[in-house]
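Visitor: I'd like a close look at one part of this model, with the cut-offs spelled out as we go. Could you take me through it in one go?

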Amino acid sequence: MARVLPRPRSPLAPAPLVAVRRWYEEELGWPTTGTEPVELLTGLCFDVLEMPADAGSAVLRRLPRTGPVALLRAGCDGKHAGDRPKLLMLIAAGGAEELPGILEWLEWGALAADLTTRGTGDRMPAPAFSAGTALSYGFGSREAAGWVRPPRTGHEAENSLPTTGFGAGFGDVGGAPDLVRLVSAAATECHRARLSRARNSQSDRARGDQPLAFSNASRMSAGTRPRSLTL
């Protein structure tokens with residue numbers, strides 16, 4: 001009798017973490033960590049402008065072009081364990097170093113404490129994506145982050161991340177978004193969100209943050225209106 005051989009098995013699909021790492025490294029050219037879960041290294045191909053999700057949502061409503069944007073779950077990132085959800089906006093590499101100077105020029109100073117960055121030596125959770133090259137606009141039960149405005153292969157890393165200098169500007173055809181205007185909008189919305197949270201729950205006051213006396217209205221009355229509100 002002829003022997004019955006088992007049917008050939010199809011190659012095993014790559015593990016989800018391997019697929020995530022491979023997609024970011026090969027399709028976008030973004031370096032990742034060798035850790036689990038996968039993280040993206042910042043300061044090389046891009047930096048990150050980080051803010052509370054409520055402020056970030058308002059920024060997205062105001063600005064149709066920002067570059068890729070991810071939503072980070074509360075408590076899913078060791079850098080902000082137990083904190084509120086954050087919005088991560090990808091900006092051109094080097095932008096993290098420019099933030100303090102931009103905030104100073106916009107006259108926001110310490111009032112934009114909720115607006116931070118991740119740059120050289122930092123990392124961010126790799127947002128989840130679905131099968132193939134289609135990216136998800138949310139996350140499942142295990143992912144720490146999901147894309148709100150996903151990147152496009154071979155596009156953002158080249159010339160359309162928010163930056164300063166020649167060629168930047170939200171109105172320029174084909175140009176990268178203007179980082180100064182993005183920071184201006186983000187600082188304004190971070191301040192508004194803090195005031196709203198303070199009015200609703202007083203939680204910010206309990207943590208020792210700036211009281212309501214530092215609202216935009218009071219600053220305008222005192223003649224210290226932020227320069228960002230004039231942009």
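Visitor: Let's take the open sheet: which strands form it, in what order, and is the pairing parallel or antiparallel?

Guide: Happy to. First, the ground rules. This is a predicted model, where local features need pLDDT of at least 70, side-chain atom pairs count only at pLDDT 80 or more, and totals for chains, interfaces and linings use all residues. Residues are numbered from 1 along each chain as its sequence is written, and side-chain values use heavy atoms, with hydrogens and water left out.

Now the sheet. It is open, has 5 strands in the order β5-β2-β4-β3-β7, and its pairing is antiparallel. At the edges sit β5 and β7 (145-149), each pairing on one side only. From one strand to the next the twist averages 30°. On terms: strands (E, at least two residues) and helices (H or I, at least four) are DSSP runs numbered from the N terminus, and two strands pair if DSSP finds at least two bridges between them. In general, strands of a sheet pair through backbone hydrogen bonds, either parallel or antiparallel.

Zoom in on β2, residues 46-52. 7 bridges join β2 to β4 (residues 86-92), and the two run antiparallel. With β5 (residues 116-118), β2 pairs in the antiparallel sense over 3 bridges. Val48 has Arg118 as its bridge partner in β5. As for cover, 7 of the 7 residues of β2 are buried, so this strand is largely enclosed by the rest of the structure. Buried means under 20% relative accessible area, exposed over 50%, and partly exposed in between, using a 1.4 Å probe and protein chains only.

So what lies against the sheet? Helix α3 (residues 95-105) lies across β2, β4 and β5, running at about 160° to β5. Helix α5 packs on the sheet as well, touching β2 and β4, and its direction makes about 25° with that of β2. Contact here means heavy atoms within 4.5 Å; the axes are lines fitted to C-alpha atoms, for helices over the stretch in contact, with angles running from 0 to 180 degrees between N-to-C directions.

A closer look at α5: it covers residues 179-201, and at 1.5 Å a residue its 23 residues should span 33 Å, which agrees with the 32 Å between its end C-alpha atoms. That expected span is 1.5 Å times one less than the number of residues. At the start of α5, a side-chain oxygen of Asp178 reaches to within 3.0 Å of the backbone nitrogen of Val180.

Helix α2 (residues 53-62) belongs in the picture too. Its buried residues include Ala53, Gly56, Val59 and Leu60, and what covers the buried residues of α2 includes β2, β3 (69-72), β4, β7 and α5.

To place all this in the whole chain: there are 7 helices and 7 strands, and along the sequence they follow the pattern α-β-β-α-β-β-α-β-β-β-α-α-α-α. Buried residues make up 44% of the 231 residues. Among the contacts with a separation of 6 or more, 66% come from residues 24 or more positions apart.

Methods. Polar contact = N/O pair within 3.5 Å; in protein donor to acceptor, adjacent residues only side chain to side chain.
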